[in-house]
Amino acid sequence: MMRVDAKDMGADLEKVLITKEEIDAKLAELAAKIDAEYAGRDLLIVGVLKGAVMVMADLARALSTPVTMDWMAVSSYGAGTQSSGVVRILKDLDTDIKGKHVLIVEDIIDSGLTLSWLINNLGSREPASLKVCTLLRKPDAAKVAIDVEWVGFDIPNEFVVGYGLDYAEKYRNLPFVGTLAPHVYGG
Ligand code: XMP
Ligand code: MG
């Protein structure tokens, strides 16, 4: 097991799944591909709050393409940990995306229901193009037909925290992605 010394949360974590160094290297790799795709064009990157904050911040700085940034906050209706696919907008974009090249930046795609809703919603606003970049993707995402252009890491079907991802709003500021120890869940 890897040594965990960040933010004194070591005891809550089971293992480090993706290190900060691996995230940095992957974002540099993705940024190069995204730069190639949008060369010479204006790009608006849209982050989905709150989880995508870290990916947005680091990806944006890894890009050479000049970007503008906007944010959306959405919430899935329905109880439990499964997303229902019924989505409510908590905060809409500040800008009109009609005619713009838009890249949605996500922290994680699990069932894919949230993203699929978002693609329909933003797609109906007539952007010039609409693509998706996610740092993490879980296996269930394969069950829905969504095109995700850029994926950082395909991960196992485990609950992960860190680098923007939370459990009960905690652990977002860990610089790596890890899994939680069972005792944190009350086990
Ligand atoms: P979908 O609709 O793709 O939902 O099922 C994606 C959203 O679910 C949350 N999610 C997680 N959050 N660790 C987290 O901290 C996880 O392992 C995880 N899996 C899904 C997250 O809010 C994401 O945007
Ligand atoms: Mg999210």
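Guide: V160 stands opposite T179 in β9. Strand β9 covers residues 177–180 and pairs with β8 in the antiparallel sense over two bridges. Strands here are DSSP runs of E with at least two residues, helices are runs of H or I with at least four residues, and both are numbered from the N terminus. Two strands pair if DSSP finds at least two bridges between them. Strands of a sheet pair through backbone hydrogen bonds, either parallel or antiparallel.

The model is predicted: local features need pLDDT of at least 70 and side-chain atom pairs count only at pLDDT 80 or more, while totals for chains, interfaces and linings use all residues. Residues are numbered from 1 along each chain as its sequence is written, and chains are lettered from A and ligands numbered from 1 in the order in which they are written.

The pair β8 and β9 belongs to an open sheet of three strands, in the order β1-β9-β8, with antiparallel pairing. Its edge strands, β1 (13–18) and β8 (160–161), each pair on one side only.

As for the rest, the protein chain has three helices and nine strands, which run β-α-β-α-β-β-β-α-β-β-β-β from the N terminus on. Of its 187 residues, 28% count as buried, that is, with 20 or more other C-beta atoms within 10 Å of their own, the C-beta atoms being placed from the backbone. L43, in strand β2 (residues 43–49), counts as buried because it has 21 C-beta neighbours inside 10 Å.

Definitions and conventions. Buried ≥ 20, exposed ≤ 12 C-beta atoms within 10 Å, placed from the backbone.
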